[in-house]
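The exercises below are meant to be worked with the sequence and the model side by side. Each opens with a task, and a stepwise solution follows.

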Amino acid sequence: MELMEIDGSFGEGGGQIVRTAVSLSCILKKPIKIKNIRTGRSSPGLKPQHLTILKILKKICNADVDNSNIGSIDLQFIPNEIKSLELSEDVGTAGSISLIIQVLIPVIAICKKNLKIKIRGGTNVLWSPTIDYTQVILRELYQRMGIKFSLKLIKRGYFPKGGGLIELEVFPSENIFPLTLKTKKTKNVEIFCSFSKLSPDVIINEIKKIEERLIENKFKVTCQIKEETALDSGGSLLISSIDTDSIIGVDSLFNKKTQKFDINLEEFIQNHFSVDENLADMLVLPASLTDGLTIFQVKKISKHLETNLFVASKITGCRYGIGKLKDGFEVRIEGVSYSGIK
């Protein structure tokens, strides 16, 4: 069997290539080989989070997987038929649950299967979307594209112990729809903050400063602060703004050294585009599988977006174009026919 070869060092050269490639491999039943996985990183190769993804996908589609070990820089993945399952998995670290379910949701839904799964690990950790971003922003995007899931947060998990727990259910999609998102129109903003084993006064004061800055810029703000005890101390923040033409979110973790949330609030305030930088790359996989043209606008073309466009076009055959706007970019993705997915 001929394997499609993917260069894992392309673009940002991180785990995103692995996640996108194995997702599309499962959906399209295309065997792949990924080389040079995370070779430019201080600790190259596969991490526990990637192994959990591979372990779950192996169960879901009875895949043949070679070199699925911590530190492996090459991976061979040969998918078979996908089936509906009920599972329980543990990352074993504070590895990101959000990045794991970012793979599972489109695979199961697009292939018209069901999945019920409990996953233990990190819900609010560095270098990944928070579980709150997944529940609000990613859910909104996927629903508009015909991908539906329910997500229940049972316990939060911060670094280093993790111990977070979620219940996810993914439903079969009737169809996957292309999406057109243009310029943001709303000035409505929602703030959600959760914290564990931190000073409530410090958290409330930080959120108040953020709220005041948004109000100064004519935003209409609603705010919720919630104390939710986890194994470790930590805090998480999501700022979201959604309308018919835009889906924008920015999330952040509380920095215990600076006693502040590491958030670029000014970037959020000035963002008049249709998606945020992180959502832009999450759009690519489902857009590549629609029978139509997806259009969105974004402030900049991130390495993650560049990487996903490259991988998706290579595996699916979708076409894409990037046009320069006055102070940003418009991305167009012409998907392959959804009816071709088995």
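**Exercise 1.** Which handedness does the crossing of helix 1 and helix 3 have?

Before starting, note that this is a predicted model, in which local features need pLDDT of at least 70 and side-chain atom pairs count only at pLDDT 80 or more, while totals for chains, interfaces and linings use all residues. Residues are numbered from 1 along each chain as its sequence is written, and side-chain values use heavy atoms, with hydrogens and water left out.

Step 1. Locate the helices, which, like the strands, are DSSP runs numbered from the N terminus (helices are H or I with at least four residues, strands are E with at least two); helix 1 covers 15-28 and helix 3 covers 97-110.

Step 2. Compare their axes, which are lines fitted to C-alpha atoms, for helices over the stretch in contact, with angles that run from 0 to 180 degrees between N-to-C directions. Helix 1 and helix 3 have axes 9 Å apart and pack at an angle of about 15°. Helix 1 is therefore roughly parallel to helix 3, given that angles under 35 degrees count as roughly parallel, over 145 as roughly antiparallel, 65 to 115 as roughly perpendicular and the rest as oblique.

Step 3. Assign the hand: a crossing is left-handed if the near helix is turned anticlockwise from the far one by less than a right angle, and right-handed if clockwise. The crossing of helix 1 and helix 3 is right-handed.

Step 4. List the contact (heavy atoms within 4.5 Å). Helix 1 contributes Gln 16, Arg 19, Ser 23, Cys 26 and Ile 27, and helix 3 contributes Leu 99, Gln 102, Val 103, Pro 106, Val 107 and Ile 110. By class, the contact of helix 1 with helix 3 holds seven nonpolar residues, three polar and one charged, where Ala, Val, Leu, Ile, Met, Phe, Trp, Tyr, Cys and Pro count as nonpolar, Asp, Glu, Lys and Arg as charged, and the others, Gly among them, as polar.

**Exercise 2.** Describe how helix 8 packs against helix 1 and against helix 7.

Step 1. The axis of helix 8 (residues 303-316) comes within 10 Å of the axis of helix 1, and the two cross at roughly 25°. Helix 1 and helix 8 are therefore roughly parallel to each other, and their crossing is right-handed.

Step 2. On the helix 1 side the contact uses Gln 16, Ile 17, Thr 20, Ala 21, Leu 24 and Leu 28, which meet His 304, Thr 307, Asn 308, Val 311, Ala 312, Ile 315 and Thr 316 of helix 8. Seven nonpolar and six polar residues make up the contact of helix 1 with helix 8, with no charged residues.

Step 3. Helix 7 and helix 8 have axes 8 Å apart and pack at an angle of about 10°, and they are therefore roughly parallel to each other. Here Ala 280, Asp 281, Val 284 and Ser 288 of helix 7 meet residues of helix 8 that include His 304, Asn 308 and Ala 312. The contact of helix 7 with helix 8 divides into five nonpolar, four polar and one charged.

**Exercise 3.** Which helix gives the most to the lining of the largest cavity?

Step 1. A cavity is a set of points, on a 1 Å grid over the protein atoms alone, where a 1.4 Å probe fits but cannot get out, and lining residues have an atom within 4 Å of a point. The count comes to one cavity of 30 Å³ or more.

Step 2. The largest cavity holds about 110 Å³, a volume being the space filled by probe spheres set on grid points that are joined across faces, edges and corners.

Step 3. Among its lining residues are Gln 16, Arg 19, Gln 102, Tyr 142, Asp 281 and Asn 308. Helix 1, helix 3 and helix 7 (277-288) each supply at least two residues of the lining, and helix 1 gives the most, with four residues.

Step 4. Sorted by class, the lining of the largest cavity has five nonpolar, five polar and two charged residues.

Key:
On a 1 Å grid over the protein atoms alone, a cavity is a set of points where a 1.4 Å probe fits but cannot get out, and a pocket is an open set with protein on both sides within 12 Å along at least five of seven lines; lining residues have an atom within 4 Å of a point.
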